[in-house]
Amino acid sequence: MLYLTRKAEFSASHYYHNPALTPEENHRVFGKCNNPNGHGHNYTLEVTVKGEVDPRSGFVVDLKQLKEVMHREVLDAMDHRFLNKEVPEFLHQIPTTENIAIAIWQRLASKLERAKLHRVRVYETPDLFVDFYGEA
Amino acid sequence: MKAHLSRRYLFSASHRLHSDAMSEEENQSTYGKCNNPFGHGHNYTVEITVSGPVDQQTGMVCNLVDLDAFVEREVLARYGHENLNTLPEFAQEVPTTENLCIQIYEIVHRGFPHAHLERVRLEETMMNSFEYAG
């Protein structure tokens, strides 16, 4: 079994707000991330896939295909977007780094052909990142 | 859905690697320049990984405000700008980065109630790091 990781970057804005909470509770739980006009990050996405090396090509996965899927499913949807207003998953769900990692996993998992998705890592900043392994 | 959240923090501290159980020559041959009697310092980076179900209401594994406050109070304030050899936990134990990593793991494991601690990764320099997962 081999693991292969591909990185990509995207920039987006978001804010944290739960309509089920009062304004005071929102402010207490989410602090400055609750600013309704939003703020942005340069996100780094790392997608790790696993599989056996194909004896004919020597590849675990066709990197070109992986890059295309990442661009089509993730970057085209999230890069230079206001996540709360423009990405369907976040119309009714808070776009925390945790939920972004889960949404990216769900967008990618069924679209990969040969390799199996192992991990989605999303860096919100170099000092804060979330790993999702598809665990329930 | 279970996710892992990792956060990195910086602190600077000094130490000297020296074991009372060894002779001067053994200390020298084991620890080399790290055995210099006056000690030396590092900029440490500690990476803390916690895990848990993503809370439906907040979208979070745990609130970073809680994690930051805990690490600031219990880890960074304890070790930042200190000589590690003068601290009680290193009175009998050599303050290698391995042992410091274990100490930090124990502090977070014992005291942080808001998420499950997966591992502590401690970078002594950009070129070496240590991980402890209990």
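This report describes a predicted model with chains A and B, from its confidence to its cores.

Residues are numbered from 1 along each chain as its sequence is written, and chains are lettered from A in the order in which they are written. Local features need pLDDT of at least 70, side-chain atom pairs count only at pLDDT 80 or more, and totals for chains, interfaces and linings use all residues.

**Confidence.** pLDDT is the predictor's confidence in each residue, from 0 to 100. Chain B has a mean pLDDT of 97. In that chain, 100% of the residues reach 70 or more. For the complex, the predictor gives an ipTM of 0.89 and a pTM of 0.91.

**Chain A.** Helices (H or I, at least four residues) and strands (E, at least two) are DSSP runs, numbered from the N terminus. Chain A has four helices and five strands. Along the sequence they follow the pattern β-α-β-α-β-α-α-β-β. The C-alpha trace of chain A spans about 60 × 25 × 25 Å along its principal axes. Of its 136 residues, 29% count as buried; that takes 20 or more other C-beta atoms within 10 Å of a residue's own, with C-beta atoms placed from the backbone.

**Where the chains meet.** Two residues are in contact if their C-beta atoms, placed from the backbone, lie within 7 Å. On this count, 16 residues of chain B touch 19 residues of chain A. Strand 1 (residues 2-15) of chain B supplies the largest share of chain B's side, seven residues. The table sorts that side by class. Nonpolar means Ala, Val, Leu, Ile, Met, Phe, Trp, Tyr, Cys and Pro; charged means Asp, Glu, Lys and Arg; the others, Gly among them, are polar.

| Class | Chain B residues touching chain A |
|---|---|
| Nonpolar | seven residues |
| Polar | six residues |

Two strands pair if DSSP finds at least two bridges between them. Leu128(A) has Arg7(B) as its bridge partner.

**The cores.** In soluble globular proteins, nonpolar side chains tend to be buried together. A nonpolar core is a set of buried Ala, Val, Leu, Ile, Met, Phe, Trp, Tyr and Cys residues joined through C-beta atoms within 7 Å. The largest one here has 50 residues. Those with the most contacts inside it include Ala101(A), Ala3(B) and Ile104(B). Helix 4 (residues 97-109) of chain A gives the most to this core, six residues. Leaving aside neighbours within four places in sequence, Ile104(B) is in contact with Val46(B), Val75(B), Val120(B) and Leu122(B). Another core, of five residues, lies apart from the largest one. Tyr15(A), Tyr16(A), Phe30(A) and Ile94(A) are among its members.

Note on methods. A residue is buried if 20 or more other C-beta atoms lie within 10 Å of its own, exposed if 12 or fewer, and partly exposed in between; C-beta atoms are placed from the backbone.
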